[in-house]
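Hi,

Here is the model I promised to pass on. My notes follow below it.

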Amino acid sequence: MGTEVEVSEPLIEKIAAVNDEEEEADQPIPEWKDQITIRGLVASAIMGTLFCIITHKLNLTVGIIPSLNVAAGLLGFFLVKSWTSFLSKLGFSIKPFTRQENTVIQTCVVACYGLAFSGGFGSSLLAMDERTYQLIGADYPGNRAEDVKNPGLGWMIGFVVVVSFLGLFSLVPLRKVMILDYKLTYPSGTATAMLINSFHTNTGAELAGKQVRCLGKYLSISFFWSCFKWFFSGVGNSCGFDNFPSFGLTLFKNTFYFDFSPTYVGCGLICPHIVNCSVLLGAIISWGFLWPFISQHAGDWYPADLGSNDFKGLYGYKVFIAISLILGDGLYNLIKIIAITVKEMWNRSTRDSKLPFTSKLLLEQKEREIVFLKDGIPTWFAASGYVGLAAISTATIPTIFPPLKWYLVLCSYLLAPALAFCNSYGTGLTDWNLASTYGKIGLFIIASLVGTDGGVIAGLAACGVMMSIVSTAADLMQDFKTGYLTLSSAKSMFVSQLLGTAMGCVIAPLTFWMYWTAFDIGSPDGPYKAPYAVIFREMAILGIEGFSELPKHCLALCCGFFVAALVINLLRDATPTKISRFIPVPMAMAVPFYIGAYFAIDMFVGTVILFIWELVNQKDSEDYAGAVASGLICGDGIWTIPSAILSIFRVNPPVCMYFGPAVGS
């Protein structure tokens, strides 16, 4: 999930300051082929697998995915440094570990685990399955049994392979325009470059070593805590620490409890305070007031005898109000990004760079530009790559999803580069990656064009295609920015993206398949609710059927929350920073509406820990908060592997720790 980050151009001055003290400043910049190493690719594959597992877990539980770039940078540095130190002690002659190699590893890992999100495994592809169809209801208008396609390892790998590489070729010719001419900031890419540059200095390497030890410590704690929790989680969905009624049984029934999840506490440490507070506010509004209020009207607004997961009852309100908030927020930010993009491009020719360059900074910039442009990627290669891949994809996708006709796929690919440019430009300005918003637009358009006969499958497949292209294009440009600032070759960046994407095409489906085989994915009462599967399928049905089957007053409430999302975003942009930083983020508020309040409590605990830490020791929190958070998330993620293996072999936890009302009460 993207969160807006304000980063100014003077960051480049800081990078220059870091460069001044580099221990390897005198070393020549390696050729692009030397920046890609076997040890780097092995490290990338290991970390790509771990981060795919973590991304799937977050996608299938709550749908909020924080940036794992800091963890990728730290772990990449640690793995290769440890390997080179080990071999050096054995007397081997080792090539030095450069920041360019570090950047290549980072790029490869991000490309690999990015597919776990943009591939649609927790959203558009999973929305096609039998469980989601049954949840919405066989008698629900527009929800047809024919529009079901259960996950299969073969077709998922095939689909990801034919759509994932297109985004990489779509914007390669514009890298000079985006990075050098427009001087787009790409805040995450710039911050990652600062991190990598700092590792390869004397002082930075020392701090990185301490951060790695900190990450390892909390990774171990998280892993053993998750293992300990497993022993008490019994059989079923009501046992263990995950169902601990921290605030009493009454609040527990309304999902207000702390579930001792290291992953969500870690997310709270990484995500900005306003995002965590927005999630908690959304939980309080929905589970504290709105759902209890609507429940009181059971029998009037909707039949009282419906099941807890029936769309004609309370469940329908939960899903559709969450959808309205998500669409309101997405639409506002899409219009905002387009407006900013048009304004920036209009003013670009008449505005001088605001960066106060000194002659030293000019020399630094000149060196970066020479390195960045030295190993070019020919325009003909990018264009022919895109056309060739689009032709293969246009022929292949209709065989995987027959309702999505070849001419609709072709139209998507003709439109995709323009959308990819808009998304990449917007990401460069604001750090918002709106891939899922573009995906939802494709979903609505294709679903309504195809109609009742296959529109659901066609819309969901088109959503997956669009998300993949615009997301990978924005990630590539972000990586070009990182490469530019770390004096890495553009060609090595592109090749590492290709290699990372190729890894992701295999690793992302395989790690998803592990979850699919081992756990009850999509169960509304289990830990892996897969919230976006239901939401995306309902969006496809909405695109075909309209609003005719919503429960009483649901459409009015949806319109109210849609408008509220627009107004809240407008207030965030119109008010001064000292006020706007306290105004909630609607997208973050929407998530607990459907899932529950428990993870909001965990994330809020994380944000409170960080807030107190910042008050007590600001410098310490800046240096180590990311490492602590990454350790908590990674440790819990690693435990998923043995947990899945135990589940596959039907080994159940030995104890069920259950909490209920006292006897006689």
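Predicted model: local features only at pLDDT ≥ 70, side-chain atom pairs only at ≥ 80, totals over all residues.

Numbering runs from 1 along each chain as its sequence is written, and side-chain values use heavy atoms, leaving out hydrogens and water.

On the fold, I get 27 helices and zero strands (DSSP runs numbered from the N terminus: H or I of at least four residues for helices, E of at least two for strands). Buried residues, meaning under 20% relative accessible area with a 1.4 Å probe and protein chains only, make up 57% of the 665.

Now the rings. The whole structure has 44 aromatic pairs (Phe, Tyr or six-membered Trp ring centres within 6.5 Å; planes under 30 degrees apart are stacked, over 60 edge-to-face, the rest tilted). Tyr 532 and Phe 536 are edge-to-face, because their planes sit at 85°, with centres 6.2 Å apart. Both residues are buried. They are four residues apart in helix H22 (residues 531–545), so about one helical turn separates them. One aromatic cluster includes Trp 225, Phe 228 and Phe 659.

Two charges also sit over rings (NZ of Lys or CZ of Arg within 6 Å of the centre and within 35 degrees of the normal): Lys 149 over Trp 155 at 5.1 Å, and Arg 175 over Phe 372 at 5.7 Å.

Cheers

Methods
Buried < 20%, exposed > 50% of the residue type's maximum accessible area, 1.4 Å probe, protein only.
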